[in-house]
Amino acid sequence: MRIQLKIWRQENRATPGQLANYDLTDVNPDMSFLEMLDTLNERLVRQRERPVEFDHDCREGICGQCGVMINGRAHGPLPNTTTCQLHMRSFKDGDIIYVEPFRATAFPVKCDLKVDRSAFDRIIQAGGFTSASTGGAPEANSMLIGHDVAEAAFDAAACIGCGACVATCKNSSAALFTAAKITHLALLPQGKIESRQRVRRMVRQMDTEGFGHCSNTEACQVECPQQISVLHIARMNWEYNRALF
Amino acid sequence: MLNARTPEGPLEEKWRHYRSTAKLVSSANRGKLHVIVVGTGLAGSSLAASLGEMGYRVTCFCFQDTARRAHSVAAQGGVNACKNYKNDGDTIFRMFYDTIKGGDFRSREANVYRLAECSANLIDQAVAQGVPFAREYSGYLSNRSFGGVQVSRTFYARGQTGQQLLLGAYQALMRQVAAGTVMLFPRHEMLDLVVIDGKARGVIVRDMDSGAIERHGGHAVVLATGGFGKIYYLSTLAMGCNGSAIWRAHRRGAFFANPSWTQIHPTCLPQSGDYQSKLTLMSESLRNDGRIWVPKKQADDRAPNDIPELDRDYYLERRYPAFGNLSPRDISSRAAKERIDAGFGIGPLKNAVYLDFSRAIREQGKPKIEEKYGNLFRMYQKITGVDAYREPMRISPAAHFSMGGLWVDYELMTTIPGLYALGEANFADHGANRLGANSLLQACVDGYFIAPSTLPNYLANEIKSGPVAVEHPAFVEGETTVRRQLEHLMGIQGNLPADYFHKMLGLILYDKCGLSRSQAGLKEAIVEIDSLRTQFYADLLIPGGANLNSELEKAGRVADYLELGELMCYDALTRNESCGAHFREEYQTPDGEALRNDQDFAFTSAWEWAGAGREPILHKEPLVFECVTPAVRSYK
Ligand SMILES: Cc1cc2nc3c(=O)[nH]c(=O)nc-3n(C[C@H](O)[C@H](O)[C@H](O)COP(=O)(O)OP(=O)(O)OC[C@H]3O[C@@H](n4cnc5c(N)ncnc54)[C@H](O)[C@@H]3O)c2cc1C
Ligand code: FES
């Protein structure tokens, strides 16, 4: 199939970027979206042009490193699917595809489609852990955790940290990302003890990084590859209010 | 002869004895000691966090944009630990024996025993961190049996055990970063090791965003850089996985053990075109209910559902009636290759076999199969567009895990004093074949429990050495070497991208140093790799500059792969026996089973770098079995 690409090219953080046009004529529908970009890059290299820089690593939807805006949607047209798990059979012969980086004040562009998501690490550093040093752990079965509680904690813990929630949010809010970690740990007895301090610190860090506020549009959960629910945001707000008193 | 420095005493006393007698560093002195940890997977994160908690100063690197994306994240199946929660007779000794036997009696007894011994603690540690393992309704931890062992010792967190364990370790690491004990540098690639007066003293790294070359000094250097299975190009590994850190340490004097032992996993999605960049692993659990077959007729072009039962060859059930579709990985992969090579492969490229659920669906009903494997069937459909409830899956073997790696002694120290290797980057515990769910365990145990006990034994002698000065001539030399190499690669300005050479190397290795090897094939491969390397240095093309440039990153990795691939062939060529994943065509029984030779080959091959263009030098660590008797692994 034939695909016309309009890809954001930007040398580095300081220089302005712009869309560049590329025409691919023999795209195989079984290719993944990233393999389609590989094919373009191979052509560019052979023409001695700088290839398109984009983020990726595992290519199986779990590391969270890939992620671009495809025709204005985070990770492309399929709901709850990472960019690396999207295949060209989701497009039609002759389609024009706009490819842009995840955009947010807190995610500055590094080069082309690569953005800096280190703000997420700093949010976790603010309190996204239990203070369990190596060596002191009690026997695992001495702490019983109900099946449903463990499953609910897992639902939140499944976040891959890709940033699609931020990219898709009109306020560039990191509420879903932050809330997922707060809920994961607050639900479990091991994490409950530190939950007040945790929620205050993580929310403060999220604001410091320049992420916007959540205005409950719920756009994030539509794109989230792990189907993390916005109910966690409600839980975060509840934890936060509780922590103030 | 290589000395593993295994402690004296009975097997079950060795580790306790070691820990009771090893040197310690008092808490007042730990802040004066600086450890460099390369890698933030389970092995690297857990070690860096643990050392930070103890009060050491740590500098840590990874090539991803955050520590949490190390490829440990991709492990699905689970992690083994001998807790005997099911009261099914599991003991440390039994787990030790299963691991030694699974490795086809090519691993070191004392290390494997220690792995089993520390396994229970790991589950405690992970639970304390908040890892949401599967639970029974009663609130107790759940576990299952995995990989053909008779007891239930595999703990899991849905199909994302690696991710959850890694997030636990990552969060512990983040806590130490916030506390200021660990300095973390993501997007930094280690490109050389600095050795001063025979001791590892630091690394040269490249900031992959700015292109800056940096020197970092420390009193010990730990490589936890994961597996190098990506050398085959098509593999289950991530795109950035590499052998560069351990290879460059090898070139500085660290011996490389059993480099050719690669686990090739039987249930991966087959290649569908030459654009393909990776082979996705489909969980092995599918083999519990799926039946593997190929048509009885060569190049049978009928759709699978049109091929009647009589015309199907369920070759695993035929050859291995006792284990059938659940035969171990090495055996299943080899049997698939045998059929594919004989012209019975299926799919457009004739490179796959069927994994068929029709009988399971008939007998158990679709809802039951959906409950067990729904997410895998969905993933399969996402990638291939095929509905596996209606049509069998197509699967094929793919490179997956490196049993080989840097040689380490009992303390996980390499042959360079002060240089350690942890996790998949070392060769230690899995022998010639790794058992499912044992490598998450190994990476964690190495990082949480072993290295934090063995490093002080070395560091205690470094308290007086003062900060490591990166102005030392060895650092200057290291930096110059790295800069020259990068300039050299950029300067070739030929016509072909790095991926071209990587793919070619992958083809050679799959063909001649993959599932089966022969003397003639390996000799050819050595010549072919040599000429591919010559072509690489004549015709490589890297556009762009020395700053952020993924083509430059790839080229450096491929340059190392082209040397490592050759060493793999030498390794396979000198081992005149078949064991585990290493199957030499000359050494098989009349019915095609592996023929091990304990008389002549009960040793670990540890290779020394002899310089560019010279044949590597083989050293041997004899494997002495005091507690088990090597037996023939039979699955018939
Ligand atoms: C798809 C898949 C499924 C698996 N499933 C299971 C399973 O179910 N159970 C099981 O027990 N095992 C499983 N394994 C194996 C297991 O996941 C790995 O062996 C283990 O996680 C390796 O951990 P590690 O810490 O050694 O390395 P990794 O997690 O790979 O980490 C390597 C680290 O080193 C860094 N690094 C590498 N090179 C450099 C360099 N040059 N410079 C700087 N940093 C560098 C990387 O950035 C990364 O942080 C699976 C493996 C794969 C690929
Ligand atoms: S590349 Fe890892 S999630 Fe897409």
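This is a predicted model: local features need pLDDT of at least 70, side-chain atom pairs count only at pLDDT 80 or more; totals for chains, interfaces and linings use all residues.
Me: How many salt bridges does a search of the whole structure find, and how many are counted between chain B and chain A?

Reply: Over all chains the search finds 73 salt bridges, and the count between chain B and chain A is six. One pairing across the two chains joins the side chains of B:Arg158 and A:Glu151, at 3.0 Å from N to O. Polar contacts can be read alongside these, and between chain B and chain A there are 48 residue pairs of that kind, with both residues at pLDDT 80 or more.

Me: Which helix of chain B gives the most to the side that touches chain A?

Reply: Helix 6 of chain B does, with nine residues, and the helices of chain B that each supply at least two residues to this side include helix 3 (42–54), helix 5 (109–129) and helix 11 (366–384). By class, this side of chain B has 30 nonpolar, 27 polar and 16 charged residues. The contact as a whole takes 73 residues from chain B and 74 residues from chain A, and the area buried between the two chains is about 6300 Å², of which carbon and sulfur atoms give 50%.

Me: How should I read a pocket, and what is the volume of the second largest pocket?

Reply: Rolling a probe the size of a water molecule over the atoms shows where empty space is left. The second largest pocket has a volume of about 870 Å³, and among its 46 lining residues A:Asp38, A:Arg59, B:Asp499, B:Glu551 and B:Lys554 lie nearest its centre. Helix 1 of chain A gives the most to this lining, with eight residues, and by class the lining has 16 nonpolar, nine polar and 21 charged residues.

Key:
Residues are numbered from 1 along each chain as its sequence is written. Chains are lettered from A and ligands numbered from 1 in the order in which they are written. Side-chain values use heavy atoms; hydrogens and water are left out. On a 1 Å grid over the protein atoms alone, a cavity is a set of points where a 1.4 Å probe fits but cannot get out, and a pocket is an open set with protein on both sides within 12 Å along at least five of seven lines; lining residues have an atom within 4 Å of a point. Grid points are joined across faces, edges and corners, and a volume is the space filled by probe spheres set on the points. Helices (H or I, at least four residues) and strands (E, at least two) are DSSP runs, numbered from the N terminus. Ala, Val, Leu, Ile, Met, Phe, Trp, Tyr, Cys and Pro count as nonpolar, Asp, Glu, Lys and Arg as charged, and the others, Gly among them, as polar. Contact means heavy atoms within 4.5 Å. Buried area is the accessible area (1.4 Å probe) that two parts lose on being put together, summed over both. A salt bridge is a side-chain nitrogen of Lys or Arg within 4 Å of a carboxyl oxygen of Asp or Glu. A polar contact is a pair of N or O atoms within 3.5 Å; within protein, one must be able to donate a hydrogen and the other to accept it, and residues adjacent in sequence count only if both atoms are side-chain atoms.
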